[in-house]
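Welcome! Here is a short tour of a structure that may be new to you. Take a look first, and then we will go through it topic by topic.

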Amino acid sequence: MIITKEKPIEEIYGFLEPFGSVLVVGCDSCTQPPRGLREAETYASLMEMAARVKGKEIKCEAITVVRQCCSEGVKEWIKPDGHEVILSMACGIGVQVLNEVFPEIPAFPAQNTVFVGWEEKREGIMYENCRACGDCLLGETGGICPRTRCAKGMMNGPCGGCIDGKCEIPVQLRNWRGEVVEEIKQDCGWYLIFNRLKAMKRLDLFEKYREPTDYSIWTNPRRI
Amino acid sequence: MEKKAFSELAKKIEAKEFVFTGELEPHRSIDLTEVKEWATTLKEIGKIIAANVTDNPRSDSAISSLVAAYLIQRDTGLECVYQLRVTDRNRLALVSDILGAGALGLKNILALAGDHTRVGTTPKAKPVFDLDSANLIDLIHRMVYEGKDLDGNEIHGPRPEINVGTAGGIMAEPLEMEVFKLKRKAKVGADFIQTQAVFDVNLAVRYLKAVKEVGIPTLIGIFPPRSYAQAEFFGKFVPGVIVPKEFMDDFKKMSEITDKAVRKEKIKEYNVNYFVDFIKEVRKEGAAGCHIMAVGYPDPIAPIIEGVIGK
């Protein structure tokens, strides 16, 4: 189970403001409270209203998918043609999958992912990519999470360990017993962020200095 | 952005003097004799303004760099640049150590992210990275100029008087990315840059040209090797360092000289010629100084410095 909490409306609208046509994508999977079609429609209206208040106009279309955490499924279910931007109602994984699958269309988070509950699932390699930090940065980092994809979780990366775009720390692939079965060279998360923001012509976001993460919300044990 | 020069190093940089810094690497030991001897050697060379004291380099555990920097500075009179990495300390511990440094009269900190714990001698350690290097610069700057930590908690009494440096990734690719990184660090108060070792003067010049717009004084790192094996080690095992082929070939040739004294002299001469030209070139391009990393190899240092700025 994944718990998400809505980002402030102003923050979400800030992501969408430069664009005219928005596809709001719900997720019918494990996100709680539900973030499916009804919620996507609500946000579509809210964003149109927010634009009108500012004297602007954006057009939002709302759809939903079974789950946003599967690249293969997302490719099949979502046809974003005609839209300039996607607003994802899903968790941090969903946002990253959309950015990966549709590199031409930036996808922004509507949620802060705050909690990932235990779910037993063993289907091939799983990429962590979202640690439910509760303070989603994906809207500012080109849809690539620095907290999970940088070995040091840097807010202002990359560090000196980024050589030829690769991280000096190989990722350890573990089996279901937790044993390391392979070490794989991985991309430097900040290098990916740099290239993505460059492609989006948003290097101003790369230059921005970021305050340290607020770890007070990570205190164990957590309950929702 | 408020800035003052507290340390001798920062004062000389501010006065536009071309500066030289050295490097000291204390080990996993409470005995600092050898490191202090090297500090004394650097001090006696006369033109080395300060020396960096490394903090768990390559994530190999070593004596506290704060303690080592203090003892070295006290006992040898050589100003120290206290290296501080965020790998091993959270923001509370960093505040403690920065206050400690201020109380002990240390005037320079090199703010580092540090190598990940998994590469070093203690790979099972929990890496901290509560802050990153830019956040650490921000923290130091706020403590020094506002008398507050990152949460706004006030420092009682006098504030630490510290200048803060940052590491420069001379081989960063693309360099554009490095420039953005440095712009962030300039925004939060970095006083100077010390780069990793570079052998190819063209790369150093390319770097200086690229980072010029950031406006932070830059010290280019050099490492005159004492032997072919050391040069080869750099080229092969130090990530991101490229040793030019001609340089390696020349060292290979010199390594074949059988008479040890002659070989030593030849290598020294070569280093002096090579790095005097190198430094003159980077100086022309606006470098603020050079960071000489040859630990325990004093022979070429004085002649290199003399070759650049005279006796």
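Leaving aside its neighbours within four places in sequence, which residues is T148(A) in contact with? They are E128(A), N129(A), C130(A) and R131(A). Please keep in mind that this is a predicted model.

**Around T148(A)**
- You will find T148(A) in helix α5 of chain A, which covers residues 146–149.
- T148(A) has a relative accessibility of 15%, so it counts as buried, the cut-off being under 20%.
- Among its contacts, N129(A) has its backbone oxygen 2.7 Å from a polar atom of the T148(A) side chain.
- P80(A) is 68 residues from T148(A) in sequence, and their C-alpha atoms are 27 Å apart in space.

**Where chain B meets chain A**
- Chain A brings 30 residues to the contact, and chain B brings 29 residues.
- About 2500 Å² is buried between chain B and chain A, with 57% of that area given by carbon and sulfur atoms.
- Of the area that chain B buries against chain A, 27% comes from R118(B), M177(B) and R184(B), more than from any other three residues.

- A salt bridge joins the side chains of R118(B) and E183(A), at 3.7 Å from N to O.
- On the side of chain B that touches chain A, the elements giving two or more residues are α5 (133–145) and α6 (175–187) of chain B.
- The largest share of that side, 7 residues, belongs to α6(B).
- The residues of that side of chain B are 11 nonpolar, 5 polar and 13 charged.

Key: Residues numbered from 1 in each chain as written. Chains lettered and ligands numbered in written order. Predicted model: local features only at pLDDT ≥ 70, side-chain atom pairs only at ≥ 80, totals over all residues. Heavy atoms only, no water. Contact = heavy atoms within 4.5 Å. Buried area = accessible area lost by both parts, 1.4 Å probe. Salt bridge = Lys/Arg side-chain N within 4 Å of Asp/Glu carboxyl O. Helix = DSSP H or I, 4+ residues; strand = E, 2+ residues; numbered from the N terminus. Nonpolar A, V, L, I, M, F, W, Y, C, P; charged D, E, K, R; others polar. Buried < 20%, exposed > 50% of the residue type's maximum accessible area, 1.4 Å probe, protein only. Polar contact = N/O pair within 3.5 Å; in protein donor to acceptor, adjacent residues only side chain to side chain.
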